[in-house]
Amino acid sequence: MKEIILTGDRPTGRLHVGHYAGSLKERVALQDSGRFDEIYIMIADAQALTDNAEHPEKVRQNIIQVALDYLACGLDPERSTIFIQSMIPELTELTFYYMNLVTVSRVQRNPTVKAEIQQRNFEASIPVGFLCYPISQAADITAFRATAVPAGEDQEPMLEQCREIVRKFNEIYGETLVEPKIVLPSRQSCMRLPGIDGKAKMSKSLGNCIYLSDPPEEVKRKVMSMFTDPTHLRKEDPGHTEGNPVFIYLDAFSRPEHFAEFLSEYSGLDELKDHYQRGGLGDVTVKEFLNQVMQAELSPIRQRRAQWEQRLPEVYEILKEGTASARTVAASTLRDVRHAMQIDYF
Ligand code: TRP
């Protein structure tokens with residue numbers, strides 16, 4: 001069986017280092033591994049509209065920003081098909097058939113949906129489309145017969161719901177759809193990056209993100225202002241590394257080469273953590289090191305982004321071609337689905 005990837009992002013803002021650590025970096029590694037026969041990367045504008053019905057221009061503008069972020073991170077249109085969700089109406093049709101296989105109480109129980117409803121204060125008035133987005137996500141995944149969905153752990157309930165739909169469909173209409181599995185980031189610390197303010201999640205609305213497109217001074221300013229261990233008041237005080245955003249970021253991004261190049265007094269992260277815990281290591285030293293690590297990681301991304309920004313017509317062309325070829329695949333799955341359901345009347 002072919003190994004196929006499908007994944008994507010809602011274009012509600014530029015992508016940040018949380019997206020990068022949690023998913024983008026892994027995607028590029030999977031792309032480069034050569035282990036996959038097909039890779040589809042979707043800009044989920046239709047999903048973004050489920051809670052942005054009043055702001056279509058925000059979604060529209062961010063499609064190109066997300067595309068630039070993808071290309072900047074090293075997604076290669078020769079190997080990964082990048083496309084726009086809403087331009088593939090077959091996905092909507094699949095969603096409509098899958099809706100009949102899911103109960104309202106089942107979507108309401110989905111932990112990701114539950115959390116998002118709370119975050120958005122939707123409790124009293126949930127848009128129907130928003131409630132159904134896990135079903136639409138199952139359509140996205142199955143339309144491409146994806147076997148693997150690289151995503152953060154918060155997407156696990158979505159994948160579970162998708163597998164339930166696949167099993168139910170196949171049980172009723174005969175073996176047609178493929179069950180996907182999630183591919184989590186390989187480094188544990190990369191699963192979820194906290195915001196620079198120490199809040200559990202990096203999010204645009206909290207204003208606590210470091211964006212992939214931030215200029216170097218902005219990254220530095222953000223790193224130097226990061227929340228650390230509030231009990232580590234003076235340099236001599238013993239500090240906590242666990243749950244400390246600065247160390248979580250170092251877990252996610254620092255490599256032995258960074259120590260050799262920028263902080264050779266320490267053999268590696270364990271030794272740096274030991275010193276912080278013992279006391280005698282100041283936050284500024286650690287943050288300056290983190291800044292150097294982040295700059296090293298982000299600078300090639302920023303450079304590639306700047307190059308693509310000079311070639312916007314080419315970026316649109318990549319999206320247009322990617323969408324056309326993705327549509328062919330989704331249309332073929334839809335034909336199989338209609339055939340299995342015996343509703344292919346003519
Ligand atoms: N839910 C994802 C996000 O919030 C976007 C998305 C839509 C997606 N459909 C998908 C991710 C299918 C993986 C698979 O960014």
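Start with Arg14 and Tyr211. Arg14 lies over the face of the Tyr211 ring, at 4.4 Å from its centre. Keep in mind that this is a predicted model.

Next, select Arg311 and Trp308. Here Arg311 sits over the face of Trp308, and the distance to the ring centre is 4.3 Å.

Now turn to ring against ring. The count comes to 9 aromatic pairs. One of them is Tyr20 with Phe253. Select both. The pair is stacked, with 6.5 Å centre to centre and 10° between the planes. Colour helix α1 (residues 17-33) and helix α11 (residues 245-253) as well: Tyr20 lies in α1 and Phe253 in α11, so the pair ties together parts that are 233 residues apart in sequence.

Move on to Phe83 and Phe144. This aromatic pair is tilted: the centres are 5.1 Å apart and the planes make an angle of 40°. Where do the partners sit in the chain? Phe83 belongs to strand β3 (residues 81-84), while Phe144 is in the loop between α8 (133-143) and β4 (148-150). The pair links distant parts of the chain, 61 residues apart.

Phe83 is buried, with a relative accessible area of 0%. Phe144 is buried as well, with 1%.

Tyr40, Phe83 and Phe144 make up one aromatic cluster.

Technical notes
Residues are numbered from 1 along each chain as its sequence is written. This is a predicted model: local features need pLDDT of at least 70, side-chain atom pairs count only at pLDDT 80 or more; totals for chains, interfaces and linings use all residues. Side-chain values use heavy atoms; hydrogens and water are left out. Rings of Phe, Tyr and Trp (its six-membered ring) pair if their centres lie within 6.5 Å; planes under 30 degrees apart count as stacked, over 60 as edge-to-face and the rest as tilted. Helices (H or I, at least four residues) and strands (E, at least two) are DSSP runs, numbered from the N terminus. Buried means under 20% relative accessible area, exposed over 50%, partly exposed in between (1.4 Å probe, protein chains only). A charge sits over a ring if NZ of Lys or CZ of Arg is within 6 Å of the ring centre and within 35 degrees of the ring normal.
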